[in-house]
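Hi,

Here is the structure we talked about handing over.

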Amino acid sequence: MTQMTSPCVETTAAAASPRNEEPRLRGDLAIWFIIALEMLTFGVMFVSFAFARTFELEVFNASQATLDLRAGALNTVLLLSGSWCVARAVHALRADASRNGARWLAAAIACGLAFMLSKGLELGQKFAAGIDMSTNTFYMFYLMLTVFHFMHVAAAAVLLVIVWVQARRGAYAGGNMHTPETVAAFWHMVDLLWIVLFPLVYVMR
């Protein structure tokens with residue numbers, strides 16, 4: 001006699017079984033090519049900075065002493081906090097909590113704007129003191145690296161604003177996470193670059 005299985009039992013068993021999802025690359029593939037290119041570009045500049053420092057150690061140390069270490073540390077905290085907020089925003093949006101995700105995005109944007117304000121004031125002080133890329137080798141690298149990074153933070157903040165506007169409209173409901181994950185990947189790259197840049201330029205003696 002054939003044993004019959006109730007359709008309700010089959011449905012319950014299927015729901016109870018773990019859902020196997022294939023691993024995938026979060027965000028757009030193009031952004032990962034851009035991230036790889038940006039990391040390579042900054043990597044070359046970081047190595048060039050360290051190499052040049054070996055030839056002009058006294059100049060580098062004297063110029064580094066004029067930098068505001070507290071401002072650099074504050075900027076590090078702001079970017080790390082921004083990355084945490086972005087991660088929380090992505091988590092909330094995946095759970096279809098659009099309003100909560102939008103709030104986390106707003107916090108991340110605030111961190112980005114605060115970084116830009118702090119860094120802008122620091123750069124403004126240097127320019128007001130007559131310092132530019134021709135002052136010495138250290139300041140050439142300092143301005144090149146920090147201004148280039150500043151531009152990346154500005155771009156990331158603009159992208160976060162776009163995602164924030166869309167999140168408030170509920171555009172990412174139902175698992176539509178392609179854009180938020182793409183922007184999050186770019187923001188985390190910007191954060192990672194600063195984590196290397198800060199000790200290399202501000203701290204290393």
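R94 counts as partly exposed, because its relative accessibility of 42% falls between the 20% and 50% cut-offs. This is a predicted model, so please read every value below as computed from it.

R94 forms a salt bridge with E181; the closest N and O atoms are 3.2 Å apart. R94 sits in helix α4 (residues 69-94) and E181 in helix α7 (residues 178-203), so the pair ties together parts 87 residues apart in sequence. E181 has a relative accessibility of 5% and therefore counts as buried.

How many salt bridges does the structure hold? There are three. Here are the others.

E122 pairs with K119 in a salt bridge, with the closest N and O atoms 3.1 Å apart. Both residues lie in helix α5, three residues apart, which is about one turn of the helix. E122 and K119 are both buried.

R70 forms a salt bridge with D68, and here the closest N and O atoms are 3.9 Å apart. The cut-off is 4 Å, so the pair counts. R70 is exposed, with a relative accessible area of 70%. D68 is partly exposed, at 32% relative accessibility.

Now the helix packing. Helix α5 (residues 98-128) packs on helix α6 (residues 137-168) at an angle of about 155°. Their axes are 9 Å apart. The two helices are therefore roughly antiparallel to each other, since the angle cut-off for that is over 145 degrees. The crossing of α5 past α6 is left-handed. The residues of this contact divide into 22 nonpolar, five polar and four charged.

Best regards

Note on methods
Residues numbered from 1 in each chain as written. Predicted model: local features only at pLDDT ≥ 70, side-chain atom pairs only at ≥ 80, totals over all residues. Heavy atoms only, no water. Axes fitted to C-alpha atoms, helices over the stretch in contact; angles between N-to-C directions. Helix = DSSP H or I, 4+ residues; strand = E, 2+ residues; numbered from the N terminus. Parallel < 35°, antiparallel > 145°, perpendicular 65-115°, else oblique. Left-handed = near helix turned anticlockwise from the far one by under 90°. Nonpolar A, V, L, I, M, F, W, Y, C, P; charged D, E, K, R; others polar. Salt bridge = Lys/Arg side-chain N within 4 Å of Asp/Glu carboxyl O. Buried < 20%, exposed > 50% of the residue type's maximum accessible area, 1.4 Å probe, protein only.
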